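Reader: I have a model open and would like to go through it. Can you take my questions one at a time?

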Amino acid sequence: MNVSAPIMGEGSAAREPGGSVLTMKDCEARFEQPGQEPYVAVRGIDLAADVGTFTSVVGPTGCGKSTILNMAAGLLKPASGAVDVNGQRLRGINTTAGYLFQQDALLPWKSALDNVALALRYSGTPRRAARNKAIDWLDRVGLKHFADRYPAQLSGGQRRRVAMAQMWIKQPQLILMDEPFSALDAQTRLIMQSELLGLWSTIGGSVLFVTHDLDEAVAMSDEIVVLSAGPASHVAGRFHVSIDRPRNLLDVKQTEAYRETYDQVWECLKAEVIKTQEKNASA
């Protein structure tokens with residue numbers, strides 16, 4: 001089944017899946033609690049971000065989705081298990097990854113241009129070269145004429161574009177995204193989803209995307225991983241999304257492939273949501 005033409009410039013540049021940029025093997029994350037047993041957030045997590053693929057992680061509230069991203073980023077060391085990057089054990093920060101957080105991480109006292117250039121400046125790139133490349137990236141996300149604006153002078157969607165340019169300017173192999181569009185209104189969210197797919201399809205890399213929005217996951221992903229209710233969340237299901245690329249996000253929800261995938265994933269996710277509701281009700 002061939003989904004219609006892309007919107008917002010999603011290209012058809014070839015991505016060649018094969019091998020994994022990131023592999024998580026039997027990972028557990030737990031947190032100490034004074035006077036209590038440690039809280040186990042996730043347990044037995046096996047997850048891979050394959051080259052050139054878009055993988056989404058969904059699950060009930062509090063199931064440890066962000067915890068998994070933090071382990072992938074090297075911000076949290078697994079209590080057991082292993083995280084490998086390009087076949088090598090991850091020790092410390094994952095320097096192959098770019099991370100787009102749920103909340104803005106832009107520095108309010110710096111312009112859009114200087115915020116985008118920060119990653120290059122921190123890695124030793126001379127100021128002029130960093131700013132020239134930052135201008136190019138602002139142009140790619142449609143904000144070249146807003147380069148001198150400060151974050152407070154930008155809309156929510158514009159700040160997200162600046163954050164995406166800031167993340168992608170070093171062209172990381174792995175993109176980690178933690179509900180990056182959840183704070184946006186529905187129309188802006190759709191635009192940003194399309195722009196993300198457009199950038200990814202032309203630049204490449206692997207994406208590990210956390211979301212509460214199942215519509216978003218099905219529309220954008222190659223694979224969806226469903227986490228169980230917490231604590232000690234585990235992988236409850238994995239689903240391949242067989243919708244051809246490029247995708248028109250205005251129309252993709254009307255396709256049979258979308259509806260079939262959504263129903264399959266929701267059956268798995270719904271059971272975990274019910275478990276979470278029952279646990280909360282009895283707490």
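Author: What follows goes through the annotation, the pocket, a salt bridge, the backbone and a surface patch. Keep in mind that this is a predicted model.

Reader: Fine. What does the UniProt annotation cover?

Author: The record, an unreviewed entry, carries the annotation "domain: ABC transporter" for residues 22-254.

Reader: And how much helix and strand is there over residues 22-254?

Author: Over that stretch the chain is 31% helix and 28% strand. The end C-alpha atoms of the stretch are 33 Å apart.

Reader: Pockets next. How much space lies in the largest pocket?

Author: About 670 Å³. The lining is made up of 25 residues.

Reader: Which of them lie nearest its centre?

Author: A97, G98, Y99, A119 and Q166.

Reader: Which elements supply at least two residues of that lining?

Author: Among them are two helices, α2 (112-122) and α4 (156-168). Strand β6 (97-100) also supplies at least two.

Reader: Is the lining greasy or charged? I'd like the split into nonpolar, polar and charged.

Author: The lining of the largest pocket has 15 nonpolar residues, 7 polar ones and 3 charged ones.

Reader: Changing topic. How many salt bridges does the structure hold?

Author: There are 10. One of them pairs R161 with E195, and their closest N and O atoms are 2.8 Å apart.

Reader: What does that pair tie together?

Author: R161 lies in helix α4 and E195 in helix α5 (residues 186-203), so the pair links parts that are 34 residues apart in sequence.

Reader: Now the backbone. Which peptide bonds are cis?

Author: The bond from G230 to P231 is cis, with omega near -5 degrees. The bond from R245 to P246 is cis as well, with omega near 0 degrees.

Reader: Where do P231 and P246 lie?

Author: P231 is in the loop between β9 (223-227) and β10 (235-240). P246 is in the loop that runs between β10 and α7 (256-282).

Reader: Which residues other than glycine have a positive phi?

Author: D26 has phi near 50 degrees, and E179 has phi near 45 degrees.

Reader: Strand or loop for D26, and where is E179 found?

Author: D26 is in strand β1 (residues 20-33). E179 is in the loop between β7 (174-178) and α5.

Reader: Last one, the surface. Which residues form a nonpolar patch there?

Author: L75, I93 and F101 form it, and together they have about 290 Å² of accessible area.

Reader: Where is L75 found?

Author: L75 sits in the loop between α1 (65-73) and β4 (80-85).

Note on methods. Residues are numbered from 1 along each chain as its sequence is written. This is a predicted model: local features need pLDDT of at least 70, side-chain atom pairs count only at pLDDT 80 or more; totals for chains, interfaces and linings use all residues. Side-chain values use heavy atoms; hydrogens and water are left out. Patches are made of residues with over 30% relative accessible area and no salt bridge: like charges are joined within 9 Å, nonpolar side chains (Val, Leu, Ile, Met, Phe, Trp, Tyr) within 5 Å. Accessible areas come from the Shrake-Rupley method with a 1.4 Å probe; for residues, only the protein chains shown count as cover. A salt bridge is a side-chain nitrogen of Lys or Arg within 4 Å of a carboxyl oxygen of Asp or Glu. Helices (H or I, at least four residues) and strands (E, at least two) are DSSP runs, numbered from the N terminus. UniProt positions are given in the numbering used here, feature names are shortened, and annotations may be inferred rather than shown by experiment. On a 1 Å grid over the protein atoms alone, a cavity is a set of points where a 1.4 Å probe fits but cannot get out, and a pocket is an open set with protein on both sides within 12 Å along at least five of seven lines; lining residues have an atom within 4 Å of a point. Grid points are joined across faces, edges and corners, and a volume is the space filled by probe spheres set on the points. Ala, Val, Leu, Ile, Met, Phe, Trp, Tyr, Cys and Pro count as nonpolar, Asp, Glu, Lys and Arg as charged, and the others, Gly among them, as polar.
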